[in-house]
Amino acid sequence: MTAVKVGIIGAGSAAFSLRLVGDLCKTKGLSGSSVTLMDIDENRLMAVHALAKKFAEGLGADIKFETTTNVDDAIRDASFVVNTALVGGHSYFEKVRQISEKYGYYRGIDSQEFNMVSDYYTITNYNQIKFMHDVAKKIEKLSPKAWLLQAANPVFELTNLITRTVPINMVGICHGHHGVDHIIEKLGLDPNKVEWEVAGVNHGIWLTKFIYQGKDASPLIDELLEKEVGNFKPTDPFDDQISLVAKDMYEFYGKMPIGDTVRNGSWKYHFDLETKKKWFGEPWGGVDSELGWKWYQDRQAEIATAMQKVADYFQKNPNAKLFSKDTLDEIISQTKNEVKAELTQEIYNLLDPQRKSGEQHILLANALLNGEKVDLVLNLPNNGTISGISDDVAVEIPVYADKDGIHHYEINPPLPERIKKMYLAPRINRMEMALEAYLTGDRKVLEEFLIRDPRTKSYDQVVKVLNEILALPENKEMRDHYSKK
Ligand code: NAD
């Protein structure tokens, strides 16, 4: 048993924090550990703290919690630092998107081919990238042996930046590979009898191996797509793993795109709302359209309120039973005028002791500390795993972790050349451009992104859109940074 300190930066990201806390409480090998919840939003922090404490108590887990608004406190003496903060919040993304659209850049200048995810900004996200870089440098200074588990986006750019420039233990973690579970479930297969592998880069991963009971099961996916895609109607904007766009990418690249990769195709699927609707289905046109993203933002705001309400209830009723239908019914009846019952239930479900979180952070910690071997999909330097990609590029690949560290599996069968040359190479190139811009402060590199953008019609358009974004008050530091050259 190993008791350690885990620091969570941006812990007000409620659903995520509670999933980690739940995993920690259920991991016997980490009993006695402490969690430092850090956020700049004290209200969110207090709500997460109340729920986390209640959860640990309900499970009878020996986990201590503390809260702080000081990032150093979350890092000092920590063995693991999970970073899930979003500097400037979602409202910053909306401001930038609005300015961009005024100049003809539908869904914003950060939405680029193979990177269409609406909160994965790489060009205008200086404050977020700088904050993440600074946290890594603080870890080097304050807790040089700690692991940084990078959950906040852009995971691809950040994993590359940090692994190349700060000598600490670090991996990028994303849950996009759970798209494979969705396929397995849709096919009605026993997950324990499926052997699968994904490989690529973050939000650009492909199903390279899919074996069921010892036989190649890709034909089952072909049949599923054939059967389901014709009259496809998404249940929510995220429902795209079995969709027309996934099928089209699969046919073009030869392997099934997994998870967020489906959102990250070429312009073919993203020119405008009509195009998005055609490929991702009605009514939203996928989560990254204006309609889909509004659905997601509204839902996130409601979830934050639901969390606050559930936390308030337990603070007022400290003896209420943790996970019981009666407690849930009472919370719903008290809050039904302010929050939808289904969202209260969703937050409440996070407190279910039987629930698997699907997150990898605590599994990794337990493997590294206690030697309990585990298979994971992580972002870390390629080091020869995918041929044709430089060793220092962070790839998202299957690995196993144990007491000796993290070990890469061989990708077999390998990724098709078409994926490497036509999808990964241009995405890697844009990551290199984003790091070059950030590290040199050379505004010309930011401009170069847009000069190569099919939506650009003149250099004047490039200059004006960047000027207006850089003039935002919250971008003062970014403005100074890009004025140096
Ligand atoms: P959010 O805005 O709801 O939560 C982020 C939290 O960060 C907030 O509580 C905010 O107060 C806090 N924060 C902001 N500035 C901070 C600072 N300087 N120090 C500490 N905390 C600060 O955002 P979200 O939707 O939960 O997303 C958070 C990040 O996680 C985003 O980058 C998102 O893209 C990413 N994400 C990653 C995955 C993954 O699997 N890796 C999945 C979902 C979201």
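The buried residues of helix α6 are Val155, Phe156, Glu157, Leu158, Thr159, Asn160, Leu161 and Ile162. The model is predicted. Eight of the eleven residues in α6, which spans residues 155-165, are buried, so the helix is largely enclosed by the rest of the structure. Strand β8, residues 204-212, is mostly covered as well, with eight of its nine residues buried.

**Strand β8 and its partners**

- Strand β7 (residues 194-201) runs antiparallel to β8, and eight bridges join the two.
- Within this pairing, Gly200 stands opposite Ile205 of β8.
- The β7 and β8 strands make a hairpin with two residues between them. His203, in that turn, has a positive phi of about 65 degrees.
- Strand β10 (residues 256-258) is also antiparallel to β8, joined to it by three bridges.
- Strand β9 (residues 215-216) pairs with β8 in the antiparallel sense over two bridges.
- In the pairing with β9, Tyr212 has Lys215 as its bridge partner.
- A hairpin is formed by β8 and β9, again with two residues between the strands. Gln213 in this turn has a positive phi of about 45 degrees.

**Thr208, a residue of β8**

- Thr208 lies in strand β8.
- With a relative accessible area of 3%, Thr208 falls under the 20% cut-off and is therefore buried.
- Beyond its neighbours within four places in sequence, Thr208 is in contact with Glu197, Val198 and Ala199, and also with Lys255, Ile411, Pro413 and Leu415.
- Strand β7 covers residues 194-201, and the contacts of Thr208 include Glu197, Val198 and Ala199.

**Ligand surroundings**

- Asn153 places a side-chain N or O atom 2.7 Å from an oxygen atom of the ligand.
- His90 has a polar side-chain atom 2.9 Å from an oxygen atom of the ligand.
- At Ile173 the polar atom belongs to the backbone, and it lies 2.9 Å from a nitrogen atom of the ligand.

**Ala74 in helix α3**

- Ala74 lies in helix α3, which spans residues 71-75.
- The relative accessibility of Ala74 is 0%, so Ala74 counts as buried.
- Setting aside neighbours within four places in sequence, Ala74 is in contact with Lys5, Gly7, Ile9, Thr36, Met38, Thr68 and Val81.
- Ala74 and Ile139 are 65 residues apart in sequence, and their C-alpha atoms are 9.8 Å apart in space.

Key
Residues are numbered from 1 along each chain as its sequence is written. This is a predicted model: local features need pLDDT of at least 70, side-chain atom pairs count only at pLDDT 80 or more; totals for chains, interfaces and linings use all residues. Side-chain values use heavy atoms; hydrogens and water are left out. Buried means under 20% relative accessible area, exposed over 50%, partly exposed in between (1.4 Å probe, protein chains only). Helices (H or I, at least four residues) and strands (E, at least two) are DSSP runs, numbered from the N terminus. Two strands pair if DSSP finds at least two bridges between them. A polar contact is a pair of N or O atoms within 3.5 Å; within protein, one must be able to donate a hydrogen and the other to accept it, and residues adjacent in sequence count only if both atoms are side-chain atoms. Contact means heavy atoms within 4.5 Å.
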